[in-house]
Amino acid sequence: MCSSACYTNQTFVDDDGLARDSSNSVTSDLPCSSNSGVVLDIQELKMATGESDVPPLSLRFRFRELLLGDQTSQNDDRVHVEFYVNENTFKERLKLFFIKNQRSSLRIRIFNFCLKVLTCLLYIIRVMTDNPVQIQNNPEHIVDGPGNTSSSSSEINWKLILWVDRKEPVWAIQVIVASISFLEAMLLMYLSYKGNIWEQIFQVSFLLEMLNTVPFIITIFWPPLRNIFVPVFLNCWLAKSALENMINDLHRAIQRTHSAMFNQVLILICTLLCLVFTGTCGIQHLERAGKNLSLFNSLYFCIVTFSTVGFGDVTPRIWPSQLLVVIMICVALVVLPLQFEELVYLWMERQKSGGNYSRHRAQTEKHVVLCVSFLKIDLLMDFLNEFYAHPRIQDYYVVILCPGEVDIQVRRVLQIPLWSQRVIYLQGSALKDQDLLRAKMDDAEACFILSSRNEADRMAADHQTILRAWAVKDFAPNCPLYVQILKPENKFHVKFAVMCLFLPLDHVVCEEEFKYAMLALNCVCPATSSLVTLLVHTSRGQEGQQSPEHWQRTYGRCSGNEVYHIRLSDSMFFREYHSKSFTFAAFHAHKKYGVCLIGVKKEDNKSILLNPGPRHIMATSDTCYYINITKEENSAFIFRQEEHRKGRGHDNILPSPSHLPVHSIIASMGTVAMDFPNSNPTGEGDKLAPPTENGAGGRRPSIEPVLEIADSTSLLPCDLLSDQSEDEITLSDEECSSATEFVKGYPPNSPYIGSSPTLCHLLPQKAPFCCLRLDQACEHVSFEDAKAYGFKNKLIIVSAETAGNGLYNFIVPLRAYYRPRRELNPIVLLLDNLPDEHFLEAIACFPMVYYMGGTIDNLDSLLQCGVLYADNLVVVDKESTMSAEEDYMADAKTIVNVQTMFRLFPSLSVITELTHPSNMRFMQFRAKDCYSQALSKLEKKERDKGSNLAFMFRLPFAAGRVFSISMLDTLLYQSFVKDYMIPIARLLLGLDTTPGSGYLCAMHVCEADLWIRTYGRLFQKLCSSTSEIPIGIYRTESHMFPSSESQGSVSTEGWDDTREKKEEPKVLTRSSSGSDQSDHPLLRRKSMHWTRCLSKKNMKRSDHALNISHYVTKQKLHLSRRSEREELTELVRNRMQHLGLHTGECRDTTNLTASDVMNRVNLGYLQDEMNDQQNSLSYVLINPAPDTPLQLNDIVFLIRPDPLAHVPEASAGWKSSGRSRPDTPELNKI
């Protein structure tokens, strides 16, 4: 049809076929052709209408034409074009209906398939109603031929082969079906004709169609041939072809693409059925002239033959049927192997890709999706062990979506019955909607997207993670995301995607943010990394309980403490503390139940507050966050009445170890049974009785009770600020002048978007970039080394490859406003690559922050940056070494360099970051170290028991001197069940600062504080005086390690202790000799008599000889070690002289001071230089029992309340009046 206005220039042809000009007047009654594409010429139109000329345009139109320009040529070229006119032909319409259109062609193929199946059923009906005797007695069916006259007519009756007994209804139906099939075949041949008719005629499907349809059509015109045999059973092959085409059209119609495996299985099954059906029908028909087998016997014979069983009870008797069997076997040997080969290939490809997660399972079961770039066995096991550690998600399924092929080790693990039923591996990309559909992402409960931290280009790895997060959000907007980002500057992109969809922002973990903040706190709060790692791991506290050593049992039991939450009105722990202060609730909950209350969240405020202080009044709608061995819902409470008095009053909180607040904690199957006295926490037992002896100097050793409601007269207003004012007042003139150079404020330049603003100590004006270089003098500063600066406090050195934006989070916690000014440590950044101006702009506002170029494997760089004046050296894992050819070799260079520094500078505390946690065993490696071997065996036992913290007993980790960022992967996994874990971890590490929320700090227990005696009394002391909440202890204690010498040396050195025992020297002598005489009984009997005779005479002589040998051995060992130490000391002194540095601080390692020894002890290493037998180890105790005794040099982890929260108006007068807060000499803060 013509369009609504076919036109050329100003003349239009409307739908009614009349030509009109622009003034809508009828120009002609010329019809417009409906076939289109017609271009009407103006001149022809004028001639048809009789118009001689076109009237000239008016002045108005001429003026308009003058303004707009001459567009006549453009209008003359405008034509009307109709597209796809070739599809309007009759053949194209038929082709569109029968072939091209998916839905209509699908209906045609289904109809064709039904016709072929119907013909096969009609054949079976004809066979069932066939009567060969009637055919043999019918003379009309006798045809002259060699089969009826030759001598073989007695064996093969060809008449029975050529003619059948076909009933009239069956014949009529077959004729109708054949006619329809014939017409359809001819029509499809006509539609698919492409110029070569013979190619279409000799197609197998067309020949079969003609063979099964033409004879029936002929019988319509020649009735005597109605009973002629037609091999209609061959239509089964046409039905197979129609079924394949039908399935293909069905997949196209429903847009199903992953169906190759299903198609191949269907083709194989159809091929087998067609072979069996063809053989059955063919043998049955040919055997009509022989044994006259039934259809069932023929089927039985075919099944037995094709299955290669061959019983032989049913066999073909005549040669035509035997020939057919041979042909069918040959066809089967050719066709079936090809089908099976294709099936096996597709099966192997399916195993690689992982198949699909069915929609039915996704709707009836719960599952989460794990998206990774490359899946390794360590990552998989960490995720599965932590994810399935929670009881309520045991029924969840894990669908892994990874673009790479499954690793051999991963495949082996996924075949374990424990995981094979719950973990599904799919090979695919999160950027493809097809793969997301396979994983049923829209029905998933959550999606974990992990970055590949082993990539050489970590920025590119983050970009891939961001695209995955965007793709998942685009496909499934309601699916919660749990994303791991490596670089902090890339966190903004993921947060922006989540924020746009109004989803929570707390499901993003930035690796470098947490890493640098944790390493920074390790310098001021030892073992913070171990503390946080243990808190974010799921454990029952059963690790190490079978160990014979007490520290391992205590350390393992306390490691089971985790962070939980509960509403106050639903809590048995905290319900009774409604309308009381937070500090009161925290102390009495720990006293009565053994739980540590660390924070709350108000109902009208979404922010979590850590230790909001005593001014916060607990409400029933508050959500409480506490540390305990398990959550309250899994706890059983057993109340019992205590025995009345028995000569003991209730004036003490902890009168004896037998009357503990928590009498028994039984961790079994996730349930804790607590047995405690049914006493009122607000009764008379709130005060400690003073000890029998008083402290030195007449100090009153009593502990004040914790008040239910905060009393403004008893609380210290703005505690930390007063502490700082006190520091400023008591400083010397020189120190005051330097202290006044610092101001408090927010850093003006943040290196990336998304960093939380933190109030810090800042310089009044930014330092010039040249002044930040430690090893180079400038016009402002003439110093060239750390010694010349004359720092009052020890240095903190950070060794990193590049100055990334994450390094900013190392500086901020160390310059936070709550750090006393006099305790600020200078920070030196030892960088392989010099920083850019953007990074220098961000750190120029912080006081005492410097940088220099160098590496830790260069002794000159270490000496120039002031390693001799440093307390802590932080070694950050280098990005360039993370991707090694052998995965676990990525830490090789770091480990060797750290061991070198340890030998050169034994008093230096080295905090190391490793790529793989399993490599931490090399941080204190010594050949034949018996204790390390014992710890290795303990680690293997705990891993076999299914522990997620098998590495926790390694001494470097327990001491907090080794850290791996992969340990924090569990933080992201736990956030699926505990959505508050990421905010709490950020608050503890100082990454976020919420008004009113406390911060993590530490307190050192000195000798003057030991009168407190127990951890429970310390809890009360802190709550009543400074409102601080202790959460754990970092303990260093001496330990007797076994000797690490050889068997011979062990025997010699142990002689002094065992010489009084008469049997042990024989054993020791035998072990040292290593004789093989035990293999010769006769020689052993002869030597025993000689030994007994000489033993009495030579006992004294042997004692003296062994003593001399022992002394000589120790002297040689001492001299060799002395020589090694002197050599190292001389090396350091020479390098310092070469660099022009002052050598007065280069001391011999043999003359270590007490502080050096303690720093060395805190390393967690075995001290070769001091003593081979007497050593110390350090470990963390999270939320220990109230009766845990305090020890000298214990470091207590505290959550101190925010000093800027609820600042009273009178606090401004503290500094002006010169008053200081009450003296508490027992609390020495770090």
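Trainee: What must DSSP find before two strands pair?

Mentor: Two strands pair if DSSP finds at least two bridges between them, and strands are themselves DSSP runs (E, at least two residues), numbered from the N terminus, as are helices (H or I, at least four residues). This is a predicted model, in which local features need pLDDT of at least 70 and side-chain atom pairs count only at pLDDT 80 or more, while totals for chains, interfaces and linings use all residues. Residues are numbered from 1 along each chain as its sequence is written, and side-chain values use heavy atoms, with hydrogens and water left out.

Trainee: Okay, which residue in β9 is the bridge partner of Phe 448?

Mentor: That partner is Tyr 482, and the two strands involved, β8 and β9 (residues 481–485), pair in the parallel sense over three bridges.

Trainee: And what stands opposite Cys 447 in β8?

Mentor: Val 369 does; strand β5 (residues 367–371) pairs with β8 in the parallel sense too, over four bridges.

Trainee: Which way do the residues of β8 point, and are they buried or exposed?

Mentor: In β8 (residues 446–449), Ala 446 and Phe 448 point one way while Cys 447 and Ile 449 point the other, and all are buried, meaning under 20% relative accessible area with a 1.4 Å probe, counting protein chains only.

Trainee: Switching topic, how many helices and strands are in the protein?

Mentor: The protein has 44 helices and 30 strands, and 50% of its 1230 residues are buried.
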